[in-house]
Amino acid sequence: MEWSVHGWVRYGCALVGLAAVPGCADAEAPGIQETRGELTEAPLTVSLTFDDTLANQFPAAAMLEAHEMRGTFFVNSPRLGGAGSMSLAQVKEMQDGGATLNGGHEIGGHSLGHQHLPELSYDGKRMEVCNDRADLLANGFAAQTFGYPFGDDGGTGSDARTAIDDCNYNLARDIGGLNNAAGYCGRPPSNTSGSHAESIPPRDRHVVRTPASIGPGCALDDLMAYVDNARLNTSGPGWIVFPFHNVCDGCSSNAISPALLAQFLGWLRGEVESGRVVVKPMRDVIPGLVEPAVIWNGEGGLLKNAALERSGSVDPSLAHCWQRTGDGLNRYRWERITGRRGFGLRLTISAYETGGRHLTSTQDSGACAPVNAVEGQRFTASAYYRSNASPVLAVHYKDASGWHVLEESAAGRLPPSPESWASARLTTSAPVPEGATHVSVSLGLRAAGWVEMDDFRLTPR
């Protein structure tokens with residue numbers, strides 16, 4: 001079916017019988033206009049998300065339930081029970097049900113202090129994201145999805161995005177990024193050649209795109225148009241995620257009125273009943289496991305001096321809590337260098353026959369080596385490197401008989417990157433065996449060449 005340029009409001013009102021809804025009383029009233037493409041066979045998926053732990057969102061959850069819908073609520077754990085915020089009991093009721101709600105809403109993370117993550121240090125980002133999620137998990141919330149505060153993910157290459165993996169989130173929602181060619185919500189047209197909807201699965205699970213934040217400039221026409229144009233201009237399964245904040249009458253610059261939200265939910269329910277739309281929390285669109293909590297203590301998660309900034313007390317050319325390891329017949333040299341951020345280490349193997357050489361986090365009994373090996377535990381290790389060869393990244397564990405390799409990157413798995421810093425990453429598939437007590441990580445070479453290394457981290461999965 002081809003759609004020509006018509007006022008879509010007229011179509012929407014006639015379809016679902018909303019003559020009493022503002023903007024639908026006059027069938028000839030001009031609506032937001034846009035050329036429509038082919039109608040997709042797959043229904044559009046809609047997710048309704050709410051940021052900031054705001055007290056006025058608790059009644060909104062009841063409004064969603066009245067229309068047989070569930071939302072995703074991004075919660076800052078320190079705000080629970082604070083002034084203007086929902087209580088712990090209310091958020092638990094949203095997830096689990098209780099006196100007022102039936103439950104089933106998704107509770108996601110929103111950081112500890114609601115700061116612009118790209119402005120924080122490497123460890124600061126992870127402490128904000130990981131430790132907030134750990135608190136949510138400790139309170140019984142199955143936090144799988146993260147909402148960037150202010151929708152600020154830092155852009156391509158930002159380590160705010162890699163924090164999502166380090167903290168064991170499955171998804172992260174941005175704010176913005178979708179097509180606004182029609183100038184919805186009183187905003188000027190933007191991203192006119194961009195997508196009207198996120199794809200399923202998303203283009204980047206670290207940055208799920210959305211319309212701009214829904215606020216006082218939005219009318220029912222705008223909200224309906226976002227859905228309508230996303231459905232009619234998307235090939236394949238499409239997904240539109242609405243970012244809401246306050247639900248109140250004029251209480252803030254990012255508020256939607258309860259009356260408008262109710263009108264939109266009523267219209268959206270008609271779309272659901274027609275089979276054109278499905279409404280799901282974000283975790284139900286891209287399902288995943290609820291991974292274990294990661295407590296981020298700074299300096300690379302479990303590792304001490306992971307950025308290699310502090311020099312060794314005995315050997316100033318070596319970083320504190322790190323050691324040189326290796327074996328075999330090879331000629332090598334170690335140098336302390338200017339790394340990716342501050343200091344780093346460089347290993348050069350100028351002649352090679354057998355064995356290899358590695359920089360290894362100190363394999364002691366706890367002063368440097370993390371006491372974090374639990375039977376069945378898995379780990380993610382990473383580091384940044386520059387190299388003209390293929391380095392090897394490994395995770396080690398200690399038991400009563402000594403230190404052993406738990407798992408290492410396959411030969412050639414880490415490609416040469418002599419000009420720019422690349423990220424080495426290994427998530428172990430092998431669990432820590434019974435009797436293990438400590439863990440360690442290493443990066444090195446088993447061939448002639450050189451490798452520069454910096455910014456290690458080790459986190460439990």
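**Exercise 1. The largest pocket**

Task: In this predicted model, find how much space lies in the largest pocket, and say which element gives the largest share of its lining.

Solution: 
- Step 1. The largest pocket holds about 230 Å³ of space.
- Step 2. Its lining is made up of 14 residues. Nearest the centre of this pocket lie Thr325, His358, His396, Val405 and Ser442.
- Step 3. Two or more lining residues come from each of β12, β15 (356-361), β17 (392-399) and β18 (402-408).
- Step 4. The largest share belongs to β18, with 4 residues.

**Exercise 2. An open sheet**

Task: Give the strand order of the open sheet formed by 5 strands, and explain why one side of β13 and of β19 is left without a neighbour in the sheet.

Solution: 
- Step 1. The order is β13-β14-β21-β16-β19, with antiparallel pairing.
- Step 2. From one strand to the next, the twist averages 25°.
- Step 3. On β21, Glu452 is the bridge partner of Arg346.

**Exercise 3. The nonpolar cores**

Task: State how many residues the largest nonpolar core has, and list what Phe264 touches beyond four places away in sequence.

Solution: 
- Step 1. The largest nonpolar core has 62 residues. Those with the most contacts inside this core are Val46, Leu48, Phe242, Phe264 and Leu268.
- Step 2. Helix α6 (residues 220-232) supplies the largest share of this core, 7 residues.
- Step 3. With residues up to four places away in sequence not counted, Phe264 touches Leu48, Leu220, Leu223, Met224, Val227, Phe242 and Phe244.
- Step 4. Another core, of 37 residues, lies apart from the largest one. Leu345, Tyr385, Leu443 and Val451 are among its residues.
- Step 5. As background, nonpolar side chains in soluble globular proteins tend to be buried together.

**Exercise 4. Ile295**

Task: Locate Ile295, and decide whether Ile295 is buried, partly exposed or exposed.

Solution: 
- Step 1. Ile295 sits in the loop between α8 (282-285) and β12 (322-327).
- Step 2. The relative accessible area of Ile295 is 47%. Buried requires under 20% and exposed over 50%, so Ile295 is partly exposed.
- Step 3. Neighbours within four places in sequence aside, Ile295 is in contact with Asn131 and Ala134.
- Step 4. Ile295 and Cys167 are 128 residues apart along the chain, and their C-alpha atoms are separated by 8.3 Å.

How values were computed. Residues numbered from 1 in each chain as written. Predicted model: local features only at pLDDT ≥ 70, side-chain atom pairs only at ≥ 80, totals over all residues. Heavy atoms only, no water. Core = buried A, V, L, I, M, F, W, Y, C linked by side-chain atoms within 4.5 Å. Buried < 20%, exposed > 50% of the residue type's maximum accessible area, 1.4 Å probe, protein only. Contact = heavy atoms within 4.5 Å. Pairing = 2+ DSSP bridges. Axes fitted to C-alpha atoms, helices over the stretch in contact; angles between N-to-C directions. 1 Å grid on protein atoms, 1.4 Å probe; cavity = no way out; pocket = protein on both sides within 12 Å on 5 of 7 lines; lining within 4 Å. Points joined across faces, edges and corners; volume = space filled by probe spheres on them.
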